[in-house]
Amino acid sequence: MPAGGSTPACELAGAAFPAEVSGMPRVDTAPTSPAVAAWGDPAVIARCGVGAAPPTDVECLEVDGVGWIPQELSDGIRFTSFGTDPALEVLVPGTYEPEGLLLPAFSDAVRALPENGLACR
């Protein structure tokens, strides 16, 4: 669990995690935490409580009114919510290309987090 995962904000975000993502049911995580959830195999993982993304030159994606900062990984993409503190991180394996199409499932969880004044431009 990320350092900020035990905050009340992450409890609210975790309560807004979807029951399924793109038809994939939620699967157990170890250790269990209300701030961490996973769906499918290979798992799409959401983790609340990561550090807020600072202002950046990386292109911010706005999906369903929520800002995300993408970061390419060797096996997929990490999306970090932009404009929230704490932030929500969604790890999407490359199996689910285009990975960004899964982000609307997490909009309600991100909206449950406090805004920090930053937004996609």
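Is Asp64 buried, exposed or partly exposed? In this predicted model, Asp64 counts as partly exposed, at 45% relative accessibility. Its side chain meets that of Arg111 in a salt bridge, with 3.7 Å from N to O. That pairing ties together distant parts of the chain, 47 residues apart: Arg111 sits in helix α2, while Asp64 lies in the loop between β5 (61-63) and β6. Arg111 is also partly exposed, at 46% relative accessibility.

Arg111 has another partner, Asp108, and here the N to O distance of the salt bridge is 3.4 Å. This one stays inside helix α2, where three residues, or about one helical turn, separate Arg111 from Asp108. Asp108 counts as exposed, with a relative accessibility of 52%.

In total, the count comes to four salt bridges. Another of them joins Arg47 to Glu89, whose closest N and O atoms are 2.6 Å apart. Again distant parts of the chain are linked, with Arg47 in strand β4 (residues 44-50) and Glu89 in strand β8 (residues 87-93), 42 residues apart. Glu89 is buried at 7% relative accessibility, whereas Arg47 is partly exposed, with a relative accessible area of 26%. Arg78 joins in too, making a salt-bridge network with Arg47 and Glu89.

The largest pocket has a volume of about 240 Å³, and 15 residues line it, with Gly65, Val66, Gly67, Phe82 and Glu115 lying nearest its centre. By class, the lining holds seven nonpolar, five polar and three charged residues.

Technical notes: Residues numbered from 1 in each chain as written. Predicted model: local features only at pLDDT ≥ 70, side-chain atom pairs only at ≥ 80, totals over all residues. Heavy atoms only, no water. 1 Å grid on protein atoms, 1.4 Å probe; cavity = no way out; pocket = protein on both sides within 12 Å on 5 of 7 lines; lining within 4 Å. Points joined across faces, edges and corners; volume = space filled by probe spheres on them. Nonpolar A, V, L, I, M, F, W, Y, C, P; charged D, E, K, R; others polar. Helix = DSSP H or I, 4+ residues; strand = E, 2+ residues; numbered from the N terminus. Buried < 20%, exposed > 50% of the residue type's maximum accessible area, 1.4 Å probe, protein only.
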